[in-house]
Amino acid sequence: MTARTASSASREPSDALPSRRTVIAGAGAGVLAAAVLPSAVAHAAGEPTIGEYDVVVVGSGASGMTAALTAAKRGMSVLVVEKAPTFGGSAARSGAGIWLPNNSVILGAGVPDTPAKAAQYLSAVVGNGSSADRQAAFLANGPRMLDFVMANSPLRFRFMDGYSDYYPNLPGGLPNGRSIEPDQIDGNILGAELAHLNPAYMPVPAGMVVFSQDYKWLNLAAVNAKGLAVSTECLARGTAAALCGQKPLTMGQALAAGLRAGLIQAGVPVWLNSPLVDLVQEGGAVTGVVVEKAGVRGVVRARKGVVIGSGGFEHNAEMRAQYQQQPVGTQWSVGAKENTGDGIRAGQRAGAALALMDDAWWGPSIPLPNEPYFCLAERTLPGGLMVNAKGARFVNEAAPYSDVVHVMYEKDRGATGSHIPAWLIVDQNYRNKYLFKDILPTIVFPDSWYQAGAAKKAWTWDALANQIGVPAAALRSTLNRFNAQAWNGTDSDFQRGDTAYDHYYTDPGVTPNSCLAPIWAPPFYAFKIVPGDLGTKGGIVTDARARALRADGSVIRGLWAAGNASAAVMGHSYAGAGSTIGPAMTFGYVAANDIADA
């Protein structure tokens with residue numbers, strides 16, 4: 001598919017819609033839902049009006065706050081309503097990688113990106129998973145959005161040097177990457193509002209200032225000189241911040257805090273603990289929202305438009321059962337717990353089509369007792385492999401995390417040997433070298449991991465096979481074959497180590513292939529792997545201007561959507577680190593500008 005020029009985003013072409021193959025059953029259900037579910041007008045009848053603004057934004061994540069900041073700076077009055085008692089949504093919990101081709105930060109760092117390369121790569125990655133017009137709108141507006149955010153908030157960004165695009169071998173792919181992350185911010189700029197920031201999924205170790213890119217090296221601090229140097233630098237940053245009386249924030253905490261600071265400066269109110277009940281429709285147009293604030297239900301009028309940026313439906317078991325393949329678990333998601341699809345369902349009742357509802361921003365995860373752990377480096381570092389119920393490998397463990405889960409589900413359909421759960425197997429040699437989650441090398445794992453069945457330990461391969469319920473002979477055969485390939489440095493079965501991305505979370509001290517090392521030193525460990533996610537990626541179908549669309553392609557006047565409440569521009573794929581947040585912020589920016597330009 002050939003990406004079109006950005007100018008096409010200003011028109012309303014019929015091919016702005018996803019193809020029939022990408023609009024799953026939820027799309028047609030939008031019209032049906034609008035007919036059979038209680039109408040938004042009925043909800044609003046008799047409710048008091050508790051506010052009136054030009055624009056109402058639902059959700060205070062990356063898409064919502066970017067939309068609100070843009071609308072305010074375009075001269076409109078804006079309100080953000082947020083279901084949670086905190087702001088920041090899933091973005092605040094994340095590592096806050098942001099994938100934005102041709103932005104000023106990466107170009108300033110000397111990244112050899114061009115619009116042509118970016119369009120070629122995105123088209124190759126996404127295929128027909130989203131329209132060419134939406135892809136072009138993302139590529140054209142992403143760099144403008146970033147410059148706008150930096151000009152209107154305290155946010156600054158760093159190039160994640162070396163974090164490869166996820167498919168660097170595709171046309172236009174960059175082995176050194178296009179991703180950026182927020183620079184350090186002092187939380188004191190928020191004053192009392194800092195207490196309302198949604199906490200991080202994995203807190204930074206006390207006394208340290210850690211960027212997302214640092215974790216690659218912190219994993220290797222026990223065996224690599226640069227890893228030790230980066231660890232020392234993180235501690236030095238933390239010490240310097242403490243001496244200055246700062247409350248240092250990085251990653252998703254910095255992103256959410258910086259956007260919130262921009263809203264404070266722009267005079268935009270954010271109503272916390274104010275969940276969306278429904279949209280208000282009058283004369284075929286969305287004209288406001290019904291919300292609950294302080295236990296009182298009322299209508300907030302929107303003179304110019306409503307932007308839904310309320311996140312996905314990862315914590316709605318009923319919706320996941322309806323749209324997604326089993327087994328799937330709300331308890332396996334690290335998305336914000338308030339993400340239960342409220343905005344998506346409200347849009348559906350208003351007549352919006354839905355797409356990509358079967359998909360998510362997947363990642364192999366370990367179901368630990370308190371919350372799941374989203375595996376990145378652990379399955380990529382040399383000295384580990386993943387096996388299924390037959391005791392056999394089934395995937396390149398170092399592949400992009402979404403791809404690994406797609407394989408888990410693809411091969412799990414009706415298969416005799418299930419890939420769900422899978423098991424990540426490592427040995428003591430691995431444990432002596434590398435950080436695992438936040439457990440330092442050689443340190444024993446918590447008893448609770450074993451008690452929950454998330455971890456197993458044995459002194460022989462056969463004993464481990466018995467513990468995880470796989471055939472011992474098959475596991476021995478798998479490990480023997482894997483070890484032979486590891487010594488040789490070539491994975492002829494699944495090509496682990498064939499791309500630059502495969503080598504990002506690996507140990508450069510291991511040769512001839514930094515992804516591969518034999519598994520031989522007892523005791524041996526196995527960790528249960530389930531299909532976790534960062535959030536769902538299906539939702540309201542939108543055009544290149546972020547306007548909500550009906551199943552017939554017509555525009556729902558007054559309604560825009562961005563972020564995980566909308567069907568992802570990435571389709572069923574994942575271009576690089578930050579393919580969630582980059583488009584979310586960009587289409588929040590696009591939506592607000594479209595409202596202002598009307």
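I took two strands as paired if DSSP finds at least two bridges between them. Strands (E, at least two residues) and helices (H or I, at least four) are DSSP runs, numbered from the N terminus.

I worked on a predicted model, in which local features need pLDDT of at least 70 and side-chain atom pairs count only at pLDDT 80 or more, while totals for chains, interfaces and linings use all residues. Residues are numbered from 1 along each chain as its sequence is written, and side-chain values use heavy atoms, with hydrogens and water left out.

**Entry 1: strand 21**

Strand 11 (residues 296-308) runs parallel to strand 21 and is joined to it by 3 bridges; here Val306 stands opposite Leu559. Strand 20 (residues 547-549) pairs with strand 21 in the antiparallel sense, over 2 bridges, and Arg547 stands opposite Trp560. The hairpin of strands 20 and 21 has 5 residues between the strands, and Gly553 takes a positive phi near 90° there.

I then checked burial (buried is under 20% relative accessible area, exposed over 50%, partly exposed in between, with a 1.4 Å probe and protein chains only).

**Entry 2: helix 17**

Which residues of helix 17 are buried? I found Leu475, Thr478, Leu479, Phe482, Asn483, Gln485 and Ala486. Seen down the axis of helix 17, these residues fall within an arc of 165° (taken from the directions from the axis to the C-beta atoms), so they line one face of the helix. On the other side, Trp487 and Asn488 are exposed.

**Entry 3: the largest cavity**

I searched for cavities (sets of points on a 1 Å grid over the protein atoms alone, where a 1.4 Å probe fits but cannot get out). The whole structure has 2 cavities of 30 Å³ or more. The largest has a volume of about 110 Å³, volume being the space filled by probe spheres set on the points, which are joined across faces, edges and corners. Its lining (residues with an atom within 4 Å of a point) holds 15 residues, and Gly563, Ala568, Val569, Pro583 and Ala584 lie nearest the centre. Helix 18 (residues 581-597) gives the largest share of this lining, 3 residues.

I sorted the lining by class (Ala, Val, Leu, Ile, Met, Phe, Trp, Tyr, Cys and Pro are nonpolar; Asp, Glu, Lys and Arg are charged; the others, Gly among them, are polar). The largest cavity has 9 nonpolar, 5 polar and 1 charged lining residues.

Terms used:
1 Å grid on protein atoms, 1.4 Å probe; cavity = no way out; pocket = protein on both sides within 12 Å on 5 of 7 lines; lining within 4 Å.
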